Amino acid sequence: MTVPWAPVEIIDSIGSILALLLAIGCLQQAWAWYRVRHEDIFRHYILLFTLAIVVFAVSRSCGHLIKQILILSGHEHTWHILSPFSGAINTATFFVIFAFSLYYQRVKIIHTELEDYKNNLEEMVALRTAELEETNFSLENEVTERQAIQKALETERERLAVTLRSIGDGVITTDVEGRVIFLNRISEQLTGWTQEEAAGHPIAEVFNIIDEFTRAPRENPVPKVLKHGQVVDLANHTTLIDRNGVERSIADSGAPIRDRESQIIGVVLVFRDVTETKRLNEELNKAQKLESVGVLAGGIAHDFNNILTAIMGNLNLAQHLMNPEDKILPLLEAADKASRRAKSLTQQLLTFAKGGNPVKKTTNLGQIIRETADFVLHGSSVLCHYDIPSDLWLVDLDPGQISQVIQNLIINARQAMSAGGLIKIKSENISTPRAEIFPVLDPKGKYIKTTITDDGPGIPADIIEQIFDPYFTTKEKGSGLGLAISHSIISKHGGFIKAGSNEDGTVFTIYLPVTTSELSNIPPGITPSPIKPAAGELIMIMDDEKMIRDIAKMMLETNGFEVITAKDGIEAIEVYQQYQKAKKTISAIIMDLTIPGGMGGKEAVTRILALNPQARIIASSGYSNDPVMTDFHSYGFCAAITKPYLINDLLLTITQALS
Amino acid sequence: MSGMVYLLISTWRERHSDSGWPQFTAFLIFILLWNLLTFSGHWLAEYIPPSQFQNHAGHHTAFTIHSSADMLFYLSRLDHLLLLPALYFLFLALRKWRRQS
């Protein structure tokens, strides 16, 4: 069978061309596919495999086309030369394809592993992402929680800082090296350091303490607290010196600051200014001491008064009974004068002890001033010039207390002029005091104005406002009570005292109200004589001291009275009842207020008034400041007489009681 | 040819059903058949005497077939009928893979 050869050549030529085109198409598709994921190793493999196929197809197609062209153009011989090369290229290309084929499985395995890894990686990433998200969520919660805690901590810290700064005591905290971390407001005031200035400084620099008495530096409590780890109290009498040198007495304690593990992380000092407290305690101690002395003085004065009453009574009675020309009389007068001085001293002692209300009686102030000033200045190099008019109005005053005021002022003046000098005392009647200067005085009232002027160095202006304060003194051994008592006495007399001073000396000015009764009828400067009561009146003397009963009885009997005596209130009541039953009238009873171990006048007066509301009872006591003495009417008495008393005092009081 | 067989077995074992793989398998089958055919053609060419070719002006015009081997030789000269489908299936496979991605 013979078959045509033309179909072979046609199919070969057209097939070569189509194969060339398809090869190019394959290469394009492979390349495009590869570009989508160039990291994909399998795509890379297919690309290379396709490239090998394409190279083969191109080589073979080109070879066949060249063959057809050469044969058709009569160059078959040339094709026979080229043919082995074309076949070799095709064979080589196919070897490459073969090699690629063998590597398919390996590439596929690698590809699969990579894909698996990639898939696993995504899962791992997803898992890890989920874990991270969960962790992130937890962290966010934790951060939120931490922020809340931090905010609460800051709030707490602020509250703590505000609390510490508001505490009334000084608070200082340090670190373990003793360097200041914190000062509160009080600490800033007491140390003179601000928080900013003190932070980081050693505690000893900021908290500078010394011994109050020895002035030696005190051991700082911070190192001690750090060493022992316990609360440490500061020793007594510690003085803190602030940055400006101001000293304050302080009391304090130091305590360790510990963390959760009980490790010491610092020290806190708490201290307070006890300067004022200490001063008050000292004043309290002084007051208690004075009170004790006062009780003692009062007791002595009471007994001394009773003795003095007997002495003065006897002297006074002796003077009355003696012939005026008797040579003994001046001696008795001297003794009487000394006794009066003793009486005055007793009254001062009682006033000092109790500081009570004055027992006033109408008196010539000028006479008291002269007697007191002369007595104080006796024997000194200080002279006294008096300018006291003879028509000076009388004053209702307690002679003992006013004498004490004058004495205090004269003693101060004398001490201010230790090298000698001159004191000027001037008294004058004042009808219209200058109310703008002395607002406490009645502008329509009548006063005696007394000025006591010395030519000493004067009182410094910065302390003149304090001189009337209790316990204020510029003297080393002064009690600080003299001017305070003087001020109190003058005030209780309804008067006023003030001080003025300059380089030429000091001036004390005293205003005392004049008496409101019989101002014009009583001759100035003369103590009124008592109206002698009718003789034969029956008077009862009740006193626990026999010598007082005896002298009082003698005084009264000498002046025509009948006298009965009783040693206490019980006996007085019994005697009074007996006389009532016997229809005998006791005109007046003089009762001692204080009867040790028995009924005193204060109780007995109510019992006797119960028996006879019209009874005239006179209170008698050495305690001129006793409330009963100053307000005797409220207790049922009609008069009061202070022991020791003289004949005239006794007669005048009885006259007042019977009138 | 052995490479193609290896590839064919490998892809057959993997049992790919994704789009593109059937076309790639077809490519392998056609290229394998093409290999067999061209190998046979080249081998038979050594035994074909020139007398079996009729020539005119130096060109083959016809071929005389005396046996099945001659028939197989003649068919091997038409190998593009296998090569073109093979390349076409490769083209289809690549296109599907590209579109798929």
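Predicted model: local features only at pLDDT ≥ 70, side-chain atom pairs only at ≥ 80, totals over all residues.
A:Thr2 stands opposite B:Thr64 in β2(B).

In total, 33 residues of chain A are in contact with 30 residues of chain B. On the chain A side, the elements giving two or more residues are β1 (2-4), α1 (6-36), α2 (41-72) and α3 (76-166). Of these, α1(A) gives the most, with 15 residues. What kind of residues make up this side of chain A, by class? There are 22 nonpolar, eight polar and three charged residues.

B:Leu90 is found in helix α4 of chain B, which covers residues 80-100. Is B:Leu90 buried or exposed? A residue counts as buried when 20 or more other C-beta atoms lie within 10 Å of its own. B:Leu90 has 29 other C-beta atoms within 10 Å, so it is buried. Leave aside its neighbours within four places in sequence. B:Leu90 is then in contact with A:Cys26, A:Thr50 and A:Ile53 of chain A, and with B:Phe27 of chain B. B:Thr25 is 65 residues from B:Leu90 along the chain, yet their C-alpha atoms are separated by 8.8 Å.

Now step back to chain A as a whole. Chain A has 17 helices and 20 strands. It has 659 residues, and buried residues make up 31% of them. Take the contacts in chain A with a separation of 6 or more. Residues 24 or more positions apart account for 66% of these.

Start with α10(A), residues 365-377. Its 13 residues reach 18 Å from the first C-alpha to the last, close to the 18 Å expected at 1.5 Å a residue. Which residues of α10(A) are buried? They are A:Leu365, A:Gly366, A:Ile369, A:Thr372, A:Ala373 and A:Val376. Seen down the axis of α10(A), these buried residues fall within an arc of 140°, so they line one face of the helix. After α10(A) comes A:Gly379, with a positive phi near 85°.

Next is α14(A), residues 569-581. This helix also has 13 residues, and it reaches 18 Å from its first C-alpha to its last, close to the 18 Å expected. Its buried residues are A:Gly569, A:Ala572 and A:Tyr576. They fall within an arc of 55° seen down the axis of α14(A), so they too line one face. The face turned away from this buried side carries the exposed residues A:Glu574, A:Gln578 and A:Lys581. Just after α14(A), A:Lys583 takes a positive phi of about 60°.

What covers the buried residues of α14(A)? The cover includes β16 (538-542), β17 (562-566), β18 (588-592) and α15 (601-611) of chain A. Two of these strands, β16(A) and β17(A), pair in the parallel sense over five bridges. A:Leu538 stands opposite A:Glu562 in β17(A). From β16(A) the chain crosses through helix α13, residues 546-558, to β17(A). This β-α-β crossover is right-handed.

Technical notes
Residues numbered from 1 in each chain as written. Chains lettered and ligands numbered in written order. Contact = placed C-beta atoms within 7 Å. Helix = DSSP H or I, 4+ residues; strand = E, 2+ residues; numbered from the N terminus. Nonpolar A, V, L, I, M, F, W, Y, C, P; charged D, E, K, R; others polar. Pairing = 2+ DSSP bridges. Expected span 1.5 Å × (residues − 1). Buried ≥ 20, exposed ≤ 12 C-beta atoms within 10 Å, placed from the backbone. Arc of directions from axis to C-beta. Right-handed = clockwise from strand over helix to strand, strands pointing away.
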